[in-house]
Amino acid sequence: MPNALVVADDLTGAMDTGHGFAARGREVRVRRSADAGRADTDAGSDVLVVDTDTRDADPETAAAAVTRAVESHPADLVYEKVDSTLRGNVVAGVDGAVAAAGTDLAVVAPAFPATGRTTEGGRHFVDGTPLAEAGYGVADSDLREYFAASEYRVTRLDIDTVSTGAAAVAERLADRAAGDRPALVVCDARTDDHLEAIAAGAASLDEPALYVGSGGLAAHVGVPGDPPEGAAGSADPAADPRSAGVLGVVGSVNERTLDQLGTVDDDALVRLDPAAAVREPERAGRAAAESLSALLDWRGRAVVTAATDAEDVRAAERAAGEMGGDATAADRVATALAAAARATVEASPPAGLVLTGGDTAGAVLDALDAEAIDLAGEAVAAGVPIGTVATGPATGTRVATKAGGFGTERAILNCLDAVGR
């Protein structure tokens, strides 16, 4: 069984949380499914990260996926990864993890100071703005109110206690765990030193706690035991003589990502018509592959997207509205981008991929039959790790993933440079 199990609800979160362990020398494999049938193949893992892909699912489905992941991959340490802006089915997922892990205590610290996410006075902030006012569609900034729907007790660990250090944290956590039913302890954290104290305090308890956090806390949680010999998570980049260049696939329409796209040279950019990508995604994607392959041969880099500004986003949404049905514009555009990536990889396999937006990254890796990614501790920036595809026809291809809301204006350019080295 793995020494540690991380359960995440989307791919970019799985990657950046896994990186927190890989950067400290642990062997990390990101498995893109909670499928119980994978348990045997991952039995020799050191740190196994399972992406349940349930960010947009209903709460019951999300909780069931977390339960299945925890029960299928028993581990000495369990980490429930949550979005640093608390999107998705966080409460249902945490409740499911508490029950499946059989713990009396969940230590909840979603802060990720390196990306501007902090918690103070019980309230969560994004770049200093209360979460509820930061434009992420989350109604509560106060973590106790946010977790009020949990079936467990919710208490708070304040910044003064966290600032005092690990011993004070451990004392308070032990007190909180002594109730008659499991407790969720939501923790203030403004800096990485605070997260380190929380992780160390929880690790010193007599009974194992469930860790709940983003990529920030993961960088400080120690893994019990040594990496098993030959552990999954140590794949080397392939030496395919045909592989060259870097292919970027940008599906996020977060304003920060659109700003980042503005720094990419027009000569390296292939734009899908957003309406065509919605109406005929497979056809639109495959049609772009010839241009992308030519750019890889000529410039060594190519970037494909269906949106460079807000008008492109509106055009895609209008096209989806005209078609009706359940599929969203985002789903159909992700399918088009994945088709473009698959056709390009088949014609001119790149040495590296840069994938922006969790849904797009998942769609591209699905199209490439890439079920697992190994992490070796390399990253472009905080929250932007680099891994190696471990399965499927793109095995050995280096891949960087970036959440849409992460990174500076040059983040996409920096990813292309880093993966192309």
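1. The model is predicted, so local features need pLDDT of at least 70 and side-chain atom pairs pLDDT of 80 or more, while totals for chains, interfaces and linings use all residues. Residues are numbered from 1 along each chain as its sequence is written, and side-chain values use heavy atoms, without hydrogens and water.

2. Three strands form an open antiparallel sheet in the order β6-β7-β8. Strands (E, at least two residues) and helices (H or I, at least four) are DSSP runs numbered from the N terminus, and two strands pair if DSSP finds at least two bridges between them. The edge strands, β6 (117–120) and β8 (129–130), each pair on one side only. Two antiparallel bridges link β7 (residues 123–126) to β8, and F125 stands opposite P130 in β8.

3. Helices α12 (residues 310–323) and α13 (residues 329–347) have axes that come within 9 Å and cross at roughly 110°. Axes are lines fitted to C-alpha atoms, for helices over the stretch in contact, with angles from 0 to 180 degrees between N-to-C directions. The two helices, α12 and α13, are therefore roughly perpendicular (65 to 115 degrees).

4. In contact (heavy atoms within 4.5 Å) are A316, E317, A320 and M323 of α12 with A329, R332 and V333 of α13.

Notes:
Parallel < 35°, antiparallel > 145°, perpendicular 65-115°, else oblique.
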